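Take a look at the structure below.

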Amino acid sequence: MPVPLKHDLYVRGSRRQAAQQDFVFGLRAYVLNDMANTMKSRFEEKVEPDFLRATGAAPKDGVDVHKAMKQDNYFRFYSSMRYCAQEMVWRSVGRALNENSDEFDEKLAGVQSASSAVDGSLELDEALELPKNVAAIDVHLAPGGYHTETNPEDCAAGALYDQGLNIFSFGMMGANLDDIGHSMANYVRVKHPDFKPRNVLDLGCTIGHNTCAWATVYPDAAVTGIDVAAPCLRYAHARAKSQGVPVHFKQMNATKLDYPDNSFDVVFSSMFLHELPLKDIKLALAEARRVLRPGGLMLHMELPPNDEMAPYDSFYLDWDAYYNNEPYYKKFRDQNVSDLCIEAGFSDDKLMSFITPQYTYMSDAEYVAAVNEEQTFDETTGRLAEGVQWFGFGAWK
Amino acid sequence: MPQLNLDTKGRRPHFFDDPAIDAVMTAMLELMSENFALKERLFALEHALERSGLITAEELETIELPEEARIKLAGEQQAFFQDAFRALNADHQSPASRQAEIDSGK
C-alpha cells in the first residue's frame, strides 16, 4: 500500500482513487517481483534450452534473449500487464489530481506563502528551448511528460510525476522517494570522509527528490538542481520548501550549463543520462567536467551497463527501452561508461564506479558495514524489485 | 491546477500476435482495479455498519437504492466502460479526431 508522501503538496484523493492507486502499486509489485521471477525460471527451463537446440548456441546478449522471449506467452502477459500498469500509474494519479485540483491549489498556495527559515530559490528561463528528447515523447508513458504547462504557474506535471513515482516504485525508492540520492551521497560520505563539498549541482533533477538528499547529507553545501522542465522545477521548489530543505532550482539544459569553469565540488545526476541521445550524454559529461573544480567529483547514478550484465539481466533491464517510451535507454546501456568519462576529459586513473545497497532501508551503521563489503554486478543491480542495489559511476577531476 | 491529460502520446505496442488480446488485458486490469476499489470500500462500509449496529448482514441483502442513487450508479457504470474498453479502438483514429488534433496543434 502506498505511503502518503511526507510533504504538504500530497493529495490523497477520494477513497476510490486511493484504492485504485493501491491496486496499481500492488500490481506493479506483483509483476516486477513474482512474475519477473517466474519469467526468469521459464527462460532457464524452456526458452534458453529451445534457443540452444534451434541455433546451436546460447543467447549471446540481451537482444538474443529478447528475440527468444517474444515468442513466450508468459513474457507477453508480463509485458502486457506491465505496460498497462504503467499507464494506470499515471491515470490513477492524474484522475485524483484532476478531481482534487482545488485542494492541490490551496496546498500549493499555503506552501508558497508560508514563511520559511530555509534559503532556497527558483529561477526559470522562459527562453530555454526544450530538447527534442523531452518535448517529442511522453517519457515513461506519462501523459504530457515532464514539461507540459498551460500557464506560467503550472506545476501539474511535477505533481503527477511525484505522486506517480510513489505508485510506480511500489515502496522501493524510499518513503520520501529519495533513496537513490541518499544512497549515492552517503556512499561518498562513507568512502571519502575527507571530501567536504561546498556546493553540489544535480543535473536533470525533475522534482528535486534526490537533490534534497544531498542537502541533507551535506548540510553545509549549497545545493542546486537544474532541469529543462519548468513545471517540475516549480513543484520541486515548493516540495523542498515544504520539507524545510534549502535547495536552489534553475531551468537549464545539462548540455549547456550557464556556469563558469571550476564552479562546483560535486556534479551529480540520477536516472538522467539514459534519457538522453548519446551526443547529449557526451556533451553533459564534458560540461560536468568543465564546471567541476579540480578535486571535485562527477557522479551519476545509472542503470548498469550491458557489458557488466548476464544476457538475461541485460534483456530484463532493457524492457523499458522497448516498451516504456525511453528510446535512448538501450544505447546508453550499450556504452562503456569508463570510455565515456575518458572521452569527456577525465583521467583513467581518476575513474570510479560502484554498487551500493539502499541507504534508507537500514541504519547508518548497517549501511557503513554494507558499503565496506565488495559489491558485484548481479541480477539485483539496478532492477526495481526486492533487494535492489544502485549503480554509480563517475570520476574525480 | 489545470486538468491533466490522461492519455499517453504515441502508438500503443502489442505483445500478442493478435492485438485484441492486449486490449482485453487492458480491460481486465481496469476491471480488477475497479473491483479492488469496490472491495476496499465494502470492507470499510461493512466494518463501519457492523461497529455502529446500523444494519445487519441480512438487511444488506435486501436494501433498495433510491432513484437518484440508481442514476448516479448508471453514470459511473458508463464511465467504467469508457475506461475498461479504451484500448479496443486504439489501432484506429477517426478523421474527425485527427482533424481535432491538427487544429489543436498536436
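Does Thr206(A) count as buried or exposed? It has 24 C-beta neighbours inside 10 Å, so Thr206(A) counts as buried. The cut-offs are these: a residue is buried if 20 or more other C-beta atoms lie within 10 Å of its own, exposed if 12 or fewer, and partly exposed in between, with C-beta atoms placed from the backbone.

Before going on, note that this is a predicted model, in which local features need pLDDT of at least 70, side-chain atom pairs count only at pLDDT 80 or more, and totals for chains, interfaces and linings use all residues. Residues are numbered from 1 along each chain as its sequence is written, while chains are lettered from A and ligands numbered from 1 in the order in which they are written.

Back to Thr206(A). It sits in the loop between strand 2 (199-203) and helix 8 (209-217) of chain A. Helices (H or I, at least four residues) and strands (E, at least two) are DSSP runs, numbered from the N terminus. Thr206(A) is not a glycine, yet its phi is positive, about 50°. Most residues other than glycine have a negative phi. Asn325(A) also has a positive phi without being a glycine, at about 55°. Its loop joins helix 12 (319-323) and helix 13 (329-333) of chain A. Asn325(A) counts as buried because it has 21 C-beta neighbours inside 10 Å.

Cys232(A) itself belongs to the largest nonpolar core, which has 121 residues. Such a core is a set of buried Ala, Val, Leu, Ile, Met, Phe, Trp, Tyr and Cys residues joined through C-beta atoms within 7 Å. Cys232(A) is among the residues with the most contacts inside this core, along with Leu97(A), Leu160(A), Trp214(A) and Val267(A).

Now take chain A as a whole. It holds 15 helices and 8 strands. Its radius of gyration is 21 Å, close to the 21 Å that the globule rule gives for 397 residues, so chain A is as compact as a globular protein of that length. The radius is taken over C-alpha atoms, and the rule is 2.2 Å times the number of residues to the power 0.38. Along the principal axes, the C-alpha atoms of chain A fill a box of roughly 70 × 55 × 45 Å. Buried residues account for 52% of its 397 residues. Of the contacts in chain A between residues at least 6 apart in sequence, 78% join residues at least 24 apart. Asp34(A) lies in helix 1 of chain A and counts as exposed because it has 11 C-beta neighbours inside 10 Å.

Chain B is built another way. It has 4 helices and 0 strands. Its radius of gyration is 20 Å, whereas a compact globule of 106 residues would have one near 13 Å. The C-alpha trace of chain B spans about 60 × 35 × 25 Å along its principal axes. Buried residues make up 14% of its 106 residues.

Follow helix 1 (residues 19-52) of chain B. Its 34 residues reach 50 Å from first C-alpha to last, close to the 50 Å expected at 1.5 Å a residue. The expected span is 1.5 Å times one less than the number of residues. Buried residues in this helix include Asp22(B), Met25(B), Leu29(B) and Ser33(B). What covers its buried residues includes helix 1 (15-55) and helix 3 (73-99) of chain A, together with helix 3 (67-84) of chain B. Just after helix 1 of chain B, Gly53(B) takes a positive phi of about 70°. Helix 3 of chain B is hardly covered, with 1 buried residue among its 18.

Where the chains meet, 23 residues of chain B are in contact with 35 residues of chain A. The chain B side has 12 nonpolar, 6 polar and 5 charged residues. Here Ala, Val, Leu, Ile, Met, Phe, Trp, Tyr, Cys and Pro count as nonpolar, Asp, Glu, Lys and Arg as charged, and the others, Gly among them, as polar.

Last comes confidence. The model scores ipTM 0.72 and pTM 0.89. Chain B has a mean pLDDT of 84, where pLDDT is the predictor's confidence in each residue, from 0 to 100. Within chain B, confidence is lowest in helix 2 (residues 57-62), at a mean of 76, and highest in helix 1, at 90.

Terms used:
Contact = placed C-beta atoms within 7 Å.
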